[in-house]
2 protein chains.
Amino acid sequence: MIKQGLHYVFNPKSVAIVGVSTKGVGLQQATATVFLESLLSCGFKGKVYPVNPKGGEISGLRVYPNIKDIPGAVDYVICGISAPQVPQLITDCIAKGVKAAHIITSGFSESGTEGGKQLEQEISLLARQSGIRIVGPNCMGVYCPEMGLSFGPDFPKESGSVAVISQSGGNAFYIIREGFRRGIRFSKVVSYGNACDVDESDLLEYLACDSDTRIIAAYIEGVNDGRRFYRVLKETAKAKPVIVLKGGITEAGARAAASHTGALASSSKVWDSLLHQAGAIRVCSLEELVDMVVTFSRLSLPSGRDLGILGVCGGATVLATDDCISAGLAVPRFPTKIQDKLEGYLKKGSIGVSLNNPVDLSDQGWDISYDCAKIMLDYGGIDLLIFQLPLGIFSRFSAGIRSAIISIIEDVIKIHKESNKPTAVVIHSLVSSKTYQLALDCERKCCDAGLPVYHSLTNAAKAIARFIDYHGQRRRMLEES
Amino acid sequence: MIKQGLHYVFNPKSVAIVGVSTKGVGLQQATATVFLESLLSCGFKGKVYPVNPKGGEISGLRVYPNIKDIPGAVDYVICGISAPQVPQLITDCIAKGVKAAHIITSGFSESGTEGGKQLEQEISLLARQSGIRIVGPNCMGVYCPEMGLSFGPDFPKESGSVAVISQSGGNAFYIIREGFRRGIRFSKVVSYGNACDVDESDLLEYLACDSDTRIIAAYIEGVNDGRRFYRVLKETAKAKPVIVLKGGITEAGARAAASHTGALASSSKVWDSLLHQAGAIRVCSLEELVDMVVTFSRLSLPSGRDLGILGVCGGATVLATDDCISAGLAVPRFPTKIQDKLEGYLKKGSIGVSLNNPVDLSDQGWDISYDCAKIMLDYGGIDLLIFQLPLGIFSRFSAGIRSAIISIIEDVIKIHKESNKPTAVVIHSLVSSKTYQLALDCERKCCDAGLPVYHSLTNAAKAIARFIDYHGQRRRMLEES
């Protein structure tokens, strides 16, 4: 039987949730009841049918005892019942004409038991024979804000252009929430667990052609079919940037991955060359994954690597310069005429002030940051500007200091809107609740204005340098072909 | 003239602050008025004399027009007046019998101007001729909680055993505040700027013999006398761990350092071999510096590298394992008997649960984390335990979830107190104000109980592996000598 596409995984008109509890949500997260709550709070546009043998009512919805009792058609089923019951449910789904099912439940191949492996083979076979598509088992399923599909009640309702596939549900949670904070919105996110049917290659193939998706990020612990994966990844990476984090690159990590999603091991070197040859962007941590997504989503490509650094703390500025150079960017010295222009605003000899690149506003910079940034960006020798704000250096967060910091951020936003050269913002050293709250406020302003925001200069420099490298390679590839 | 020691830099009985303003503090941080405020709020034990030609009163203290007008002896002077006025002030200090002076003021050699360089030479010569010791210029000076000396009004009043020397004031702010959050308390912190008199070697020599100091961390942009520095560092590193961050390791970074503290350039390789041969611990970022300080202060030495990882999110646990192995730790597989014991508590086949090392409590672990941690630490094949809590995975922070998370932390603290093997805690993925506040609460509990706390597993693994390496090298050195 030829496999159906993933249309109904992302575009169901009706969803049944099997295993909801009328007792409400407890402490556990991966339950059918939490999925129902998420679907309702995300505003799912189609019909929702809770299912539980006991019947009753939940959130104003009638609870059906069995999927067969649902009067209308059901496109998509979310399954939160125990593993041994799953094959029967899938059989019922097939009988009902269900197009796709997401299985939250664990206790399959990742358990390492013979019984678990056999159950997984059983549902995998049912999928192959019937054509029903199965996401999972052992996963959080689909977040597709356009349709109102969601596995977190707090996920944003707005759509964006970033797609994420992640075997791990926890890592998907992190990417969505940290991405949200950084101004990222998503087209589709899939936590696909053990991948007994829908796998990384199916998902990449779908997303490569998905017009809502501009950037793809993936957290992968293992692949079902290495050759197909390489081929699909290479095709996908031709169409759009694909950022990949491989979990389980060490032997012990692979063992952990096997207990987590039943993934098979393969060495870091194999992955390195595979991803490189396929044209994907390999990252080594979730933080780096989000940094790359932020860069690809929000930074426009600078015309070169010559960087202006503007900041407010001498020591941080020195380290920032080292970080940028080490990452492969350049921090060119300013000619005298630019330094003279800056001196018109910044009092040379004031504590911490530096006029050369990096430019350090010290605590003189409250009302001149716009002018200094403008002088730097207007200078032909600079391709982009990094503005850094280490909040941990401030002793007092009086209303005056707070509004002075906000006004610096507003100046940076103003110059970002006016200049045709890109600007990035790094807000770091958040040492207390007050600094954290102020950072969130500043980040929100920057994100709303379309600026890329980072939490560490080291990471920002690396991400920006890799972004420039990527585009350089693409250009060379296109020239060669 | 033989230089006096630094006794009065850290133990003045009376302090005059020159250049205070009776108009109160503004937005600037590095002013004499902020220093006065810091001294008073930190509870300085000696006499405090504000100085300003206009006289008057500030914070209930009489303001003297000139240092010469102060009736009693003055041990220490903090100077916040403009650079050209500084030599005259130092001359007055010498006449008054002042033992040490801290010059906040900038506009000296770091300005790059001939005038600035000359002024610095002038005060340096005055110090050499008279024996008065000068900290600075262009710096934040001394924080010594035991004496109540401080340059931040919010700095903790309790003393500790960590000393920090930092050319940069901003970096010193970060280290103190981030350290405070992580349970670190300080013996002495010195921001020493351009080092026209008191330099890195003087400070290290003093701190090597300082019985209040157990660990030393340094942020250095340049050294005055390379040979002496190497000799002193080597002697100091024999006595106690010395953690060094070198700012300005790239050409552009060195240029930034020159504008920041007038430091001279030297290559990263030179520093690498110098620090290695001297037995110091080189770090590459402020975050790593604090992580190493936390590790040396709070982790007891594990008897080996075999690590147990206990966590609450599958994907994060897989990545954690990769991080630990990559850093040079081992994550041994558990024998069946240990897995069986764990299975007595953890339901195998529940979503996310893993019984092998790493152990993943998933969301089943609310009331069994103590038992699971105990099984792991009681097992002879494990030398230490890392507990990780990625807060970003939780969807709702209901009172129930909050108290469940706090109770897991209390379980970890309980096992830490009972076991003779060390435990470290990593609380990460703080994606919102709520996660941040909860992290702070959890961190505080852990810090109060003496646990080392980290913000990232990658960084925790690196710091712990380096800590074990350091002690291994020390042991070999002692055996050889």
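The crossing of α13(B) and α14(B) is right-handed, a term used when the near helix is turned clockwise from the far one by less than a right angle, anticlockwise being left-handed. Helices (H or I, at least four residues) and strands (E, at least two) are DSSP runs, numbered from the N terminus. This is a predicted model, in which local features need pLDDT of at least 70 and side-chain atom pairs count only at pLDDT 80 or more, while totals for chains, interfaces and linings use all residues. Residues are numbered from 1 along each chain as its sequence is written, and chains are lettered from A and ligands numbered from 1 in the order in which they are written.

To stay with this pair, helix α13 (residues 369-378) of chain B packs against α14(B) at an angle of about 30 degrees, with the axes 8 Å apart; axes are lines fitted to C-alpha atoms, for helices over the stretch in contact, and angles run from 0 to 180 degrees between N-to-C directions. That makes α13(B) roughly parallel to α14(B), on a scale where angles under 35 degrees count as roughly parallel, over 145 as roughly antiparallel, 65 to 115 as roughly perpendicular and the rest as oblique. On the α13(B) side the contact is made by B:S369, B:Y370, B:A373, B:K374 and B:L377, and on the α14(B) side by B:I408, B:D411, B:V412, B:K414 and B:I415. Two residues are in contact if their C-beta atoms, placed from the backbone, lie within 7 Å. Sorted by class, this contact has six nonpolar, one polar and three charged residues, where Ala, Val, Leu, Ile, Met, Phe, Trp, Tyr, Cys and Pro count as nonpolar, Asp, Glu, Lys and Arg as charged, and the others, Gly among them, as polar.

Two helix pairs of chain A can be described in the same way. Helix α14 (residues 399-418) and helix α15 (residues 433-448) of chain A pack at about 20 degrees, with their axes 10 Å apart, and are therefore roughly parallel to each other. α14(A) passes α15(A) in a right-handed crossing. A:R402, A:I405, A:I406, A:I409 and A:I413 of α14(A) make this contact with A:L438, A:D441, A:C442, A:K445 and A:C446 of α15(A), a set with seven nonpolar, no polar and three charged residues. In the other pair, the axes of helix α5 (residues 169-181) and helix α10 (residues 286-298) of chain A come within 10 Å and cross at roughly 40 degrees; α5(A) and α10(A) are therefore oblique to each other. The crossing of α5(A) and α10(A) is right-handed. Here A:N171, A:Y174, A:I175, A:E178 and A:G179 in α5(A) meet A:L286, A:L289, A:V290 and A:V293 in α10(A), and the classes are six nonpolar, two polar and one charged.

Turning to the strands, chain A has an open sheet of six with the order β8-β10-β9-β11-β12-β13 and mixed pairing; two strands pair if DSSP finds at least two bridges between them. The edge strands are β8 (141-143) and β13 (281-283) of chain A, each of which pairs on one side only. From one strand to the next, the twist averages 20 degrees. Within the sheet, strand β9 (residues 159-166) and strand β11 (residues 215-220) of chain A run parallel and are joined by five bridges.

Some backbone details of chain A lie in loops. A cis peptide bond joins A:G136 and A:P137, with omega about 0 degrees, and A:P137 sits in the loop between β7 (133-135) and β8 of chain A. Another cis peptide bond joins A:N357 and A:P358, with omega about 5 degrees; A:P358 belongs to the loop between α12 (336-343) and β15 (359-360) of chain A. A:A195 has phi near 55 degrees, a positive value in a residue other than glycine, and is found in the loop between β10 (186-191) and α6 (200-208) of chain A.

Finally, a rotation of 180 degrees with 0.0 Å of shift along its axis superposes chain B on chain A (RMSD 0.0 Å), by least squares on the C-alpha atoms of residues with pLDDT of at least 70 in both. The two copies are thus related as by a two-fold rotation axis. The contact takes 78 residues from chain B and 78 residues from chain A. On the side of chain B that touches chain A, the largest share, ten residues, comes from α11(B).
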